[in-house]
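Colleague: I have a new model open on my screen and would like to understand the words you use for it. Could you take me through them?

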Amino acid sequence: MILIMEEKVFDLVVVGAGLMGSAAAFHASQLSKISVCLVGPPEPKNRQEVEIFGCWHDEGRVYYRISPLHTWQVVSSRSIERLANLEELTGIKICTKTGCIHIYKDKKKHEENIEVSRQLDLEGQDISHTWKNIFPFLNMPEGASICYEEKCAGHLNPRRLVEAHQKAAQLAGTHLLKEIVMTVRPSETMMHRWEVVTESGTVLQCQQVLVATGGYAALKPLFQHVKPGFVPKLELRTQTVAFLQISEEEAHRLWRMPCMVIRHPFKNLDGGYVVPPIKYPDGKWYVKMGHGRAYEETRSSLAEVTHWYQQQSGVPECVQQLTQYLKYLLPEH
């Protein structure tokens with residue numbers, strides 16, 4: 001069954017309602033006289049029954065400004081400023097300011113971080129020799145160089161970020177359709193240029209299409225009618241995350257714990273990141289740790305990616321390494 005949506009022709013249809021697509025729809029909705037439709041599935045309640053997943057199905061992501069890369073600093077700083085405006089506009093709490101510490105083995109890179117922070121007035125502090133006075137509950141790798149970014153750093157809730165962007169977009173007139181797109185095809189009429197077809201048979205007519213589906217752009221036949229045989233060349237790599245469950249009392253004890261960006265190896269790990277205690281939807285508190293490039297694995301098919309998300313176990317050896325590193329950083333656990 002094919003359903004043409006009210007014969008309406010949108011100026012723009014954004015395919016993919018995750019972090020990228022929701023943000024794109026919001027910003028497009030701020031342009032005058034632009035009609036926007038955002039289409040994509042919500043977070044699944046049962047992972048075993050779907051094949052589309054999003055990296056935003058979580059409660060914590062680290063954000064910070066300090067980096068030797070100028071582009072990163074500019075984009076990150078401006079994004080953080082916009083998050084505050086988005087919270088005010090929607091009333092949805094997105095960010096938690098905990099500060100962030102950058103842990104380096106390479107002293108030269110640490111000094112570059114400090115210098116860039118000084119030049120851009122980001123207020124990064126060198127606490128290589130004083131960290132114990134500030135964070136007595138932590139343990140740091142021996143000889144590590146440490147930069148403390150106290151302001152405008154912490155963790156954000158990606159679920160709330162998607163919700164806020166979608167709410168703000170809808171306030172500006174964006175239409176939200178919670179369906180999975182099957183394909184994009186050229187129009188056969190002169191009234192519009194493109195048609196976006198969902199798996200349920202809905203056809204969205206539009207002048208422009210923005211595909212923001214992340215890795216699924218290389219896994220689903222979205223472009224089969226645009227250019228037969230075309231598949232975007234994307235390298236899809238996995239990431240394993242370890243969660244350390246703690247008690248609510250312990251979470252309160254660690255209330256001053258900052259986020260950590262670690263560029264210091266530990267056993268087979270080449271570094272990683274740590275998100276301080278967050279209360280998850282199951283009512284429990286977790287400290288989360290992820291890794292760098294070590295233990296990444298490639299996936300090339302929809303079946304492989306679907307299995308990866310559904311199993312929810314990651315790479316077992318990586319989980320063990322992350323757990324050991326996390327217990328090293330939090331010695332009382």
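Modeller: Gladly! Let us begin with one cut-off: a residue is called buried when its relative accessible area is under 20%, and exposed when that value is over 50%. Please keep in mind that this is a predicted model.

Colleague: Then what makes helix H1 mostly covered?

Modeller: Helix H1 spans residues 19-29, and eight of its eleven residues are buried. Those buried residues are Gly21, Ser22, Ala23, Ala24, Ala25, Phe26, Ala28 and Ser29.

Colleague: Why is Leu244 called buried?

Modeller: Leu244 has a relative accessible area of 14%. The cut-off is under 20%, so Leu244 counts as buried. You will find Leu244 in strand E14, which covers residues 241-246.

Colleague: What makes Lys267 exposed?

Modeller: Lys267 has a relative accessible area of 58%. Exposed means over 50%, so Lys267 is exposed. Lys267 sits in the loop between E15 and E16. Its phi is positive, about 55 degrees, although Lys267 is not a glycine.

Colleague: Which other residue has a positive phi although it is not a glycine?

Modeller: Tyr295 has one, of about 75 degrees. Tyr295 is found in the loop between E17 and strand E18 (298-299). With 17% relative accessibility, Tyr295 counts as buried.

Colleague: How do you know that strand E15 is largely enclosed by the rest of the structure?

Modeller: By counting its buried residues. Four of the five residues in strand E15 (residues 259-263) are buried, so this strand is largely enclosed by the rest of the structure.

Colleague: How do you know that E15 pairs with other strands?

Modeller: Pairing requires at least two bridges between the strands. Strand E5 (residues 100-104) and E15 are joined by five bridges and run parallel. In that pair, Ile103 has Ile262 as its bridge partner. E15 and strand E16 (residues 272-279) are joined by three bridges and run antiparallel. Here Ile262 stands opposite Gly272.

Colleague: What makes E7 mostly covered?

Modeller: In E7, five of five residues are buried. In a regular strand, side chains alternate between the two faces of the sheet. For E7, both faces are covered: Ser145, Cys147 and Glu149 are buried on one side, and Ile146 and Tyr148 on the other.

Colleague: Which strands does E7 pair with?

Modeller: E5 and E7 share five bridges in the antiparallel sense, with Tyr104 and Ser145 as one of the partnered pairs. Strand E6 (residues 124-126) is joined to E7 by three bridges, and these two also run antiparallel. In that pairing, Gln125 stands opposite Tyr148.

Colleague: What makes a group of residues a nonpolar core?

Modeller: Its members are buried nonpolar residues joined through side-chain atoms within 4.5 Å. The largest nonpolar core here has 43 residues, and Ile101, Met260 and Val274 have the most contacts inside it. The elements that each supply at least two residues of this core include E5, E14, E15 and helix H7 (302-311). Helix H8 gives the largest share, five residues. Apart from this core lies another, of 15 residues, among them Val15, Cys37, Leu177 and Val196.

Colleague: Which residues is Val274 in contact with?

Modeller: Setting aside neighbours within four places in sequence, the contacts of Val274 include Met260, Ile262, Val287, Leu326 and Leu329.

Colleague: How much space lies in the second largest pocket, and which residues are closest to its centre?

Modeller: The second largest pocket holds about 330 Å³ of space. Of its 19 lining residues, Thr96, His155, Pro277, Ile278 and Trp285 are the closest to its centre. E16 supplies the largest share of that lining, four residues. By kind, the lining divides into eleven nonpolar, five polar and three charged residues.

How values were computed:
Residues are numbered from 1 along each chain as its sequence is written. This is a predicted model: local features need pLDDT of at least 70, side-chain atom pairs count only at pLDDT 80 or more; totals for chains, interfaces and linings use all residues. Side-chain values use heavy atoms; hydrogens and water are left out. Buried means under 20% relative accessible area, exposed over 50%, partly exposed in between (1.4 Å probe, protein chains only). On a 1 Å grid over the protein atoms alone, a cavity is a set of points where a 1.4 Å probe fits but cannot get out, and a pocket is an open set with protein on both sides within 12 Å along at least five of seven lines; lining residues have an atom within 4 Å of a point. Grid points are joined across faces, edges and corners, and a volume is the space filled by probe spheres set on the points. Ala, Val, Leu, Ile, Met, Phe, Trp, Tyr, Cys and Pro count as nonpolar, Asp, Glu, Lys and Arg as charged, and the others, Gly among them, as polar. Contact means heavy atoms within 4.5 Å.
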